[in-house]
Amino acid sequence: MKKNVVFFVFLLLLCQGYAFAQSARVTGKVTGPDNQGLPGVNVQVNGTTTGTSTDVDGNFALNAASTSSLVFSNIGYVSQTVPVNGRSVINVQLAEDQKTLNEVVVVGYGTQRKTDVTGALTAISTKEFAQQPVTRLDQVLQGRAAGVQVTQTNGAPGGDARIRIRGANSVLGNNNPLYIVDGYVGADFNFVNPSDIETIQVLKDAASTSIYGSRGANGVVIITTKKGARGLKVNYEGQFSISENIKRYDVLPAGEFAEIVNARATATGSGLPFTADQIAQYKQNGGTDWQSLVFRQGTGQQHQVTVSGGGEKTTYLISGNYLDQNGIVNNSGFRRYILRTNINTQVNDKLSFRLNLWGTQSKNHNTLDGGAIVQALAWAPTTPAYGSDGMPTFTDPIGSVYRNPLDYLYDQSIDTKRASLNVNGGLNYKLPIKGLTLDLQYAVNYLNSQNLNFTGKRLSNGVPSATRYSTDQVTLQNTNNLNYDVKIGNHSINAVAVLETQQYTEQNFTATASGLRFPQLGYDNIGGNAAASVASAFNKWTLLSLLGRVNYSYKDKYLVTAAVRRDGSSKFSSANRYSVFPSVALGWRLSEEEFIKNLNVFSNLKLRGSWGMTGSQAINPYATLSTYGTTFSAFNNSAATAGVILGNPGNVNLKWETTKQTDVGLEMEFLNGRIRIEADYFKKNTTDLLLNVAIPAYAGGGTQTRNVGEVENKGIELSIGGTPIDKGGFRWETNLNVSTLQNQVVSLGGLPRLGTGTGVGGGMSTTNEFMLMPGQPLGSYWGLKYLGTWKPNEADEAARYGRVPGDPHYQDLNGDNSITTDDFQIIGRAFPKATGGWNNTFTYKGLTLNVFFNGVFGVDKLNYTRAAALSGSGDARQFILTEIRDYYRQGNETSDIPAFTRTYQPFTQSSRFLENGSFVRLKNISLSYNVPTGFIKNKANLRVFASATNLFTITQYKGPDPESARVGSNTDTAIGIDYGSYPNSKTYTLGVNLGF
Amino acid sequence: MKKLLLIGLVAMLGASCKSYLEEDTTGLLYGPNVLSTQEGLESALTGAYRGLGAQWTYGFLHPSANAATLGSDDVTTHPASNKADWREFDQFNVSTTNQRSGAVYNGCYKAIQGANNVINNYQKTTGTKATIDIIAGEAYFIRGFSYYWLTRFYGSIPLVMAGEYSDSLLTIKKSTPAQVYDLIVADLKKAETMLPNTRREPGRPNAGSAKAFLADVYLTMAGWPLKQTDKYDLAAAKAKEVIDNRATYGFALMPTFAEVFANDPAVASIPESVFQISGFTGGSGTANATYGNTTMPGEEGGWDDMFAELFFFRDFPEGPRKSATFRTEFGLGTTKIPWQNSLTRHPYYQKWYIKGNIVTSSISLPSVMMRYPHVLTIYAEAKARGTGGPDQAAYDALNAVRLRGRATGTKALTPADGLTATQFADEVVQERAWEFACERTRWFDLIRLERVEAANAAKSPDDLQPIKAITKANYWFPLPYSDTSINPGLN
């Protein structure tokens with residue numbers, strides 16, 4: 001009763017002209033199969049517009065004639081019609097709808113009944129991740145949708161994730177999907193709070209994505225956020241976690257390390273760095289375990305409060321989220337705040353307004369790769385961590401040539417602070433023509449992003465310096481949408497026409513100061529300095545789009561969709577400015593045919609096919625122009641002079657990159673939805689491929705963007721879901737998805753091959769690690785094939801190369817008795833052949849167990865971290881991994897770890913350090929318990945849960961984590977290199993969820 | 001009413017003007033106007049210098065050029081450690097992806113691109129003509145200097161005169177050394193007339209710098225591969241011009257050798273600096289890494305990148321130059337380890353220690369690309385190998401260098417010692433080896449005189465040996481794979 005009082009107070013407060021009618025009052029409670037109250041159920045007096053919805057506990061109250069009937073409906077449940085029969089209390093239990101037939105799915109610029117959908121799209125139910133400690137959208141997507149591949153490339157909190165839908169089309173452009181949040185096109189997924197998600201759809205084929213035209217080629221993720229419902233509802237969720245390394249490298253203990261260093265010195269004719277006494281002491285006292293100085297146990301917490309409510313006409317929702325995570329690398333962390341509010345008001349039958357406000361702030365602190373992680377495997381275990389002055393040891397006489405890992409941790413801050421505000425409002429008006437609706441939406445997205453770097457005195461060779469880079473980005477969007485929905489007899493038509501504009505403006509500036517007088521102030525006060533420089537830039541692009549789509553269905557059986565979008569972009573010169581992206585899709589609901597119905601096997605059977613075009617304007621503004629950049633030269637010992645230097649040559653002929661995609665899909669449901677199978681085959685061809693073609697150094701170097709070549713992606717996606725067990729209160733829901741991907745460069749516009757590199761391997765790689773070649777996939781590793789060591793019986797052959805037995809033996813492809821770049825070949829693939837996920841939820845009464853695996857198969861990784869620590873390359877002068885114990889020497893000639901010789905020439909860019917990166921990982925296991933309602937006096941809902949992520953990983957990969965890599969998410973040509981990547985961690989989380 | 005409002009709104013939005021898609025180039029620096037002002041031209045010149053000095057990226061502010069000249073007999077590297085790419089030079093097995101020679105290659109071409117842009121546009125620039133001429137003169141110098149390094153490293157190379165990129169550059173062929181030298185000579189001749197006698201700043205050339213390099217170019221042209229022996233006379237004449245006018249150009253031989261390598265970052269330039277690329281730690285990529293860490297032993301926190309060859313050190317004549325050139329005891333504290341007991345068992349080069357023995361790889365010191373005694377020895381050698389043999393001035397020039405370096409009491413060489421012209425010239429070459437040890441000079445002397453094989457055959461067996469027998473093919477490095485893979489016509 002107390003609840004109802006609150007409820008009524010709210011109604012009064014909102015003052016939305018709630019009026020009591022004359023008919024009799026009916027109250028009641030709607031429950032679900034678990035006897036818990038169901039909020040938000042629509043209760044309507046049959047045949048009238050009178051209706052209400054249930055409150056947070058499932059209670060409802062309305063006035064209805066005693067002879068009328070009430071219709072109870074809710075998405076995901078079987079609707080019921082209950083005659084009032086003069087009763088004043090009606091309690092109803094709704095059954096879950098096993099069939100997904102009536103689900104409405106969000107598609108671009110509108111919604112559709114799932115049954116009418118002709119394209120390939122995957123909806124992820126919020127139920128699938130409700131039991132898991134997900135903090136970001138990529139964790140929601142990972143492993144849960146066929147055809148979507150998510151790689152957490154940087155395991156740091158707030159670290160980078162690579163999300164790909166049906167592979168990568170573009171070499172140059174980023175292949176990130178397009179994110180739509182509540183109609184705003186191009187949202188940042190990092191700022192989406194999973195708890196705010198109401199629905200999430202992944203659009204994959206061209207029939208679904210061509211409506212996004214020039215930005216649809218990489219697939220589209222459409223998110224709608226939760227809206228308020230009638231009745232006050234408050235929910236709190238708290239999570240606490242600890243995390244630790246999944247695995248660390250095995251390194252030699254100090255004594256043994258010293259022995260091996262001495263052995264190498266002896267073999268190559270140098271003095272012995274260590275005396276027998278020193279070695280004995282190291283054996284007794286041990287040395288420095290650099291990894292344990294770099295890594296730690298991380299902690300994290302997340303708090304989330306959601307308040308929602310409203311009255312008959314106006315509803316609201318406010319949600320706040322705070323996330324604070326300390327990473328497993330010392331002095332690294334991530335903090336994020338998200339506040340989201342929305343308000344919706346129905347002015348009358350025809351007109352409604354809506355407003356979404358979405359503000360975020362985040363800060364990454366030292367969440368980068370390399371640095372300390374690389375040095376931890378380069379610094380000798382024999383070198384003490386700290387000197388007699390209590391400061392970290394400045395130089396390592398034996399191991400690394402560079403700085404102490406501790407200085408990387410504590411003598412620098414590399415931070416990113418981002419603040420954004422998204423304001424998105426609109427109105428929806430039902431026009432006088434039946435079925436015609438006008439929807440107008442305006443959005444402003446503001447982002448301020450600051451890169452703040454500080455390097456202290458120790459790390460900077462005595463010249464402490466700081467750089468602040470700040471960019472302000474404003475995006476304005478206007479969407480004008482006319483929607484027509486009509487059903488005449490057996491013909492249903494839904495048509496959409498949209499005019500949309502988007503304008504992006506970026507203004508940035510950089511200030512760099514060196515020789516800081518007050519380094520203790522870090523990057524926050526850089527005015528006191530010995531030298532400073534500033535720079536600024538302005539960037540702008542605009543996009544003007546017209547689009548339309550028609551869905552037609554006959555008898556709900558034969559479905560046709562046709563869509564077209566015309567985009568104009570300021571990035572191209574006027575001749576190439578506009579492009580048209582059409583698509584067409586057909587669907588046949590076989591299950592509506594008598595001959596299938598008669599089989600009595602399928603509860604749904606649909607065959608669909610689509611073809612369409614999408615585009616990419618994957619270039620920066622001004623790529624058609626040759627511009628100068630700023631640079632510096634010194635002409636004395638006390639100042640640097642600013643000058644200008646020619647940048648990459650522009651290309652006036654640039655045009656759109658176009659992707660044509662064909663898709664065939666089959667959807668099957670058996671046993672009234674208890675088993676669901678969906679299979680898709682797709683083929684995508686991207687032509688006029690935009691490539692950064694390298695320019696020879698003699699012509700100025702750098703790259704030029706050109707439209708050359710073609711890339712093909714094809715694959716199969718299979719998703720099997722169902723409820724194998726649902727008996728006696730025990731329920732097992734499972735969903736398995738597997739997708740394969742075959743990626744191939746079809747042509748490079750006449751070029752025989754084109755190298756793409758990373759630059760990450762400072763001192764490790766000698767040339768581009770990746771080669772694009774027709775017939776080969778994107779991300780093909782380029783290097784020497786390692787054949788092991790030269791064996792004693794091959795001494796003569798080795799001598800022809802100037803080598804001796806024990807030296808590395810590489811395949812001499814052209815047989816010229818010397819190992820050169822002419823002997824480089826494709827040695828592996830960075831793109832996995834297949835990925836999959838298997839999600840299981842077991843419920844029994846209030847207990848829910850979630851077990852979620854994901855896997856990646858058929859992929860190679862180039863492990864530079866291991867290479868540096870095992871080959872004397874980069875900054876590392878010695879070999880530190882325990883693997884080196886097996887080095888080639890007399891009596892151990894079978895070893896393929898090279899001997900210590902003077903003729904030793906290692907190539908890290910070889911198959912020797914290419915490893916199988918396939919893995920299967922228990923991504924999440926969590927157990928949650930719904931504390932019985934009666935347990936708590938005020939009838940709140942209480943749920944507690946415990947979970948573990950990345951608990952175990954099955955892999956042959958020798959590094960700590962097969963998932964993390966060194967290259968960011970914006971490129972697909974140079975993925976898979978691990979060089980001090982920030983590894984993913986094993987995380988244990990405890991959480992509580994309280995609602996009332 | 002409402003309807004009207006809505007329709008009005010849509011109409012307003014629909015009337016999107018064409019200008020909505022026009023590119024907004026506010027804040028963009030592009031097009032020919034950039035170089036039309038004197039300020040713009042000066043900025044482009046500054047950008048051209050960047051190619052010669054971008055720490056760890058390209059040019060000469062990090063020990064890449066030192067690594068690439070390791071095939072000479074004065075300097076070697078660590079037999080193990082992380083020095084595989086250094087050993088490629090010392091063992092005559094240079095790969096097409098070597099990042100050390102690659103940094104010189106890329107840097108010189110970046111400087112050439114910038115210089116071309118200035119040279120091709122300065123006549124259209126408005127401003128003070130005298131200043132514009134100096135800017136152009138510096139650009140000619142930079143281009144000549146860069147091509148000189150390139151052709152000595154690579155022999156036949158692409159000869160690019162365009163500042164702006166065009167597709168036709170992708171298929172150009174290599175030019176022969178003779179063609180490249182023609183341009184170098186032409187450029188330096190332009191530079192010597194357009195440059196002022198006084199440098200605008202320590203890190204820029206003056207007319208004397210251009211003449212000194214022209215003399216060096218002539219000396220090289222007279223040897224392998226062109227063997228245009230008539231160039232010895234030109235080299236001698238040009239060097240003599242510099243020597244005679246040294247006061248005008250501000251060049252002088254410093255009284256003691258130790259002063260030359262005091263390496264005090266507070267000093268912007270020494271009198272012996274004929275041309276230098278200045279370093280400054282406060283700028284972005286402008287600090288110098290050719291001092292400090294690179295030539296220090298591991299015992300002192302150094303990187304062991306390069307150190308002295310054993311027989312070179314053994315045969316080095318005693319004197320103040322020897323003690324200032326080598327570091328024979330290691331240890332920054334009180335404990336000293338003699339080089340014989342050190343980890344690498346080699347003496348190191350004291351020359352590149354920073355004043356106060358600071359352990360760093362970033363310092364505000366210049367990379368001096370030619371010292372004045374270099375000019376003296378050019379004259380002495382060129383005169384000896386040219387018409388008429390060595391004159392008294394040639395003896396004077398050699399003796400100035402020789403006596404400063406050698407032990408007190410060393411006698412000056414005189415014609416009375418009875419050396420033939422060739423013997424005298426060889427004496428100069430040997431003196432250059434001692435004087436410019438580990439200064440990227442010996443390698444080029446060995447090449448032009450075709451003595452690489454002999455010098456390497458005479459190395460200590462305890463030093464790194466060539467992987468295979470040295471041939472003339474080893475005199476030049478293969479062109480970088482990064483360019484030959486784009487333009488296979490270069491192979």
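Visitor: Which residue is the bridge partner of A:V43 in strand 3 of chain A?

Guide: That partner is A:T52. This is a predicted model, in which local features need pLDDT of at least 70, side-chain atom pairs count only at pLDDT 80 or more, and totals for chains, interfaces and linings use all residues. Residues are numbered from 1 along each chain as its sequence is written, while chains are lettered from A and ligands numbered from 1 in the order in which they are written.

Visitor: What makes strand 2 and strand 3 of chain A a pair?

Guide: Two strands pair if DSSP finds at least two bridges between them. Strand 2 (residues 42-45) and strand 3 of chain A have three bridges, in the antiparallel sense, so they meet that condition. A strand here is a DSSP run of E with at least two residues, a helix is a run of H or I with at least four, and both are numbered from the N terminus.

Visitor: Why are strand 3 and strand 6 of chain A placed at the edges?

Guide: The open sheet has four strands in the order 3-2-5-6 of chain A, with antiparallel pairing. Strand 3 (51-53) and strand 6 (80-83) each have a single partner strand, so one side of each has no neighbour in the sheet. Neighbouring strands are turned by 20° against each other on average, direction ignored.

Visitor: What is the pairing in the sheet with the order 48-47-52 of chain A?

Guide: The pairing of this open sheet of three strands is mixed. Strand 47 (residues 860-863) and strand 48 of chain A pair in the antiparallel sense over three bridges, and A:L862 has A:L914 of strand 48 as its bridge partner. Helix 12 (residues 864-871) of chain A packs on the sheet, touching strand 47 and strand 52, and its direction makes about 40° with that of strand 47 of chain A.

Visitor: What makes strand 8 and strand 9 of chain A a hairpin, and which residue in the turn has a positive phi?

Guide: Strand 8 and strand 9 of chain A have two residues between them, and A:Y109 in the turn has a positive phi of about 55°. Strand 8 (residues 104-107) and strand 9 (residues 110-113) pair in the antiparallel sense over four bridges. A:R113 is the bridge partner of A:V104.

Visitor: What is noted about the phi of A:D688, and what about the peptide bond that joins B:W224 and B:P225?

Guide: Most residues other than glycine have a negative phi, and most peptide bonds are trans. A:D688 has a phi near 50°, a positive value in a residue other than glycine, and its place is in the loop between strand 33 (675-687) and strand 34 (690-694) of chain A. The bond between B:W224 and B:P225 is cis, with omega about 5°. B:P225 is in the loop between helix 8 (207-222) and helix 9 of chain B.

Visitor: At what angle do helix 9 and helix 14 of chain B pack, and how far apart are their axes?

Guide: Helix 9 (residues 231-244) and helix 14 (residues 372-385) of chain B pack at an angle of about 145°, with axes 8 Å apart. Axes are lines fitted to C-alpha atoms, for helices over the stretch in contact, and angles run from 0 to 180 degrees between N-to-C directions. Residues making the contact include B:A235 and B:A239 of helix 9 and B:L376 and B:A382 of helix 14 of chain B. Contact requires C-beta atoms, placed from the backbone, to lie within 7 Å.

Visitor: How many residues of each class are in that contact of helix 9 with helix 14 of chain B?

Guide: The contact has eleven nonpolar, no polar and three charged residues. Ala, Val, Leu, Ile, Met, Phe, Trp, Tyr, Cys and Pro count as nonpolar, Asp, Glu, Lys and Arg as charged, and the others, Gly among them, as polar.

Visitor: How many residues of chain B are in contact with chain A?

Guide: 88 residues of chain B are in contact with 85 residues of chain A. Helix 5 of chain B gives the largest share of the chain B side, eight residues. By class, that side has 34 nonpolar, 41 polar and 13 charged residues.

Terms used. Two residues are in contact if their C-beta atoms, placed from the backbone, lie within 7 Å.
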